[in-house]
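Keep the 3D view open as you read.

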Amino acid sequence: KLEVAQDAAGDSALAGAYVFLQKLVGGIAVLLPFAVVIGDFALGGDELRSSISAYYYSPMGNVFVGALCALGVFFLSYQYKPLPGYELDNRLSYGASAAAIGVALFPTAEHQAKAWSGEWFVSTAHLLCACILFVLLAIFSLKLFTKSDPGRPLSDAKRKRNTVFRVCGWTIVGSIVLVALSNVVQPPDSLRSLLWLESIGVVAFGISWLVKSGIFGI
């Protein structure tokens, strides 16, 4: 019985660490678009950039890279010791960690890159990592965060959380689809459609993780 109690206490402490990581991940995601945009204007920028990734070439480039690397580390830490029922979460967090760090280490092209050039390969790697990251984040919100114990009825709070998770998840999916469409339709650069769509997706991802952490009381 003592060993069982010790294991339960350890799992409880680890669950608390998971909640702390969820708050960090959510907080970074929600603040990132605002931080790079406001910071760039504060440091001399005179217009919005084409995307969040384009802020790599602004004075906020280190903030952009640092935030993504931090997310990568936190995703990696999210599966230090697998809790019961967290196996899929842990595998997907490995992928999200690699994708987030890939987005940081392989910057988007500053200008239109010549096909098959070194810059083209780097920017293509950036795009692939970003797509993988957004897809995994949508899966977290739609599939993993909405899970519940099949032996227990859903509480009102759980129903509210699931509603938020689904709204956030489908918002991320919608932003992915619209980004793909914008590459085909090519709206005017002045609209900064990619920046807005990326920001909406990133903030939705952050909100879902903050709700998962319980920070909003549900």
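## Helix α2

Let's begin with helix α2, which covers residues 61-77: its 17 residues reach 24 Å from the first C-alpha to the last, close to the 24 Å expected at 1.5 Å a residue. That expected span is 1.5 Å times one less than the number of residues. Helices here are DSSP runs of H or I with at least four residues, strands are runs of E with at least two, and both are numbered from the N terminus.

The buried residues of α2 are Gly61, Phe64, Val65, Ala67, Leu68, Leu71, Gly72, Phe74 and Phe75. Buried means under 20% relative accessible area, exposed means over 50%, and partly exposed lies in between (1.4 Å probe, protein chains only).

## About the model

This is a predicted model, in which local features need pLDDT of at least 70 and side-chain atom pairs count only at pLDDT 80 or more, while totals for chains, interfaces and linings use all residues. Residues are numbered from 1 along each chain as its sequence is written, and side-chain values use heavy atoms, leaving out hydrogens and water.

## The whole chain

The chain has six helices and zero strands, giving the pattern α-α-α-α-α-α along the sequence. Its radius of gyration is 19 Å, close to the 17 Å that the globule rule gives for 218 residues, so the chain is as compact as a globular protein of that length. The radius is taken over C-alpha atoms, and the rule is 2.2 Å times the number of residues to the power 0.38.

Along the principal axes, the C-alpha atoms fill a box of roughly 65 × 35 × 30 Å. Of the 218 residues, 41% are buried.

## Where α4 meets α6

Helix α4 (residues 118-144) packs against helix α6 (residues 193-213) at an angle of about 35°, with the axes 10 Å apart. Axes are lines fitted to C-alpha atoms, for helices over the stretch in contact, and angles run from 0 to 180 degrees between N-to-C directions.

On the α4 side, Phe134, Leu137, Phe140 and Ser141 meet Glu198, Gly201, Val202, Phe205, Ser208 and Trp209 of α6; contact means heavy atoms within 4.5 Å. The residues of this contact divide into six nonpolar, three polar and one charged. Ala, Val, Leu, Ile, Met, Phe, Trp, Tyr, Cys and Pro count as nonpolar, Asp, Glu, Lys and Arg as charged, and the others, Gly among them, as polar.

## Arg49

Arg49 sits in the loop between α1 (2-42) and α2, and counts as partly exposed at 26% relative accessibility. Its C-alpha is 9.6 Å from that of Asp189, although the two are 140 residues apart in sequence.
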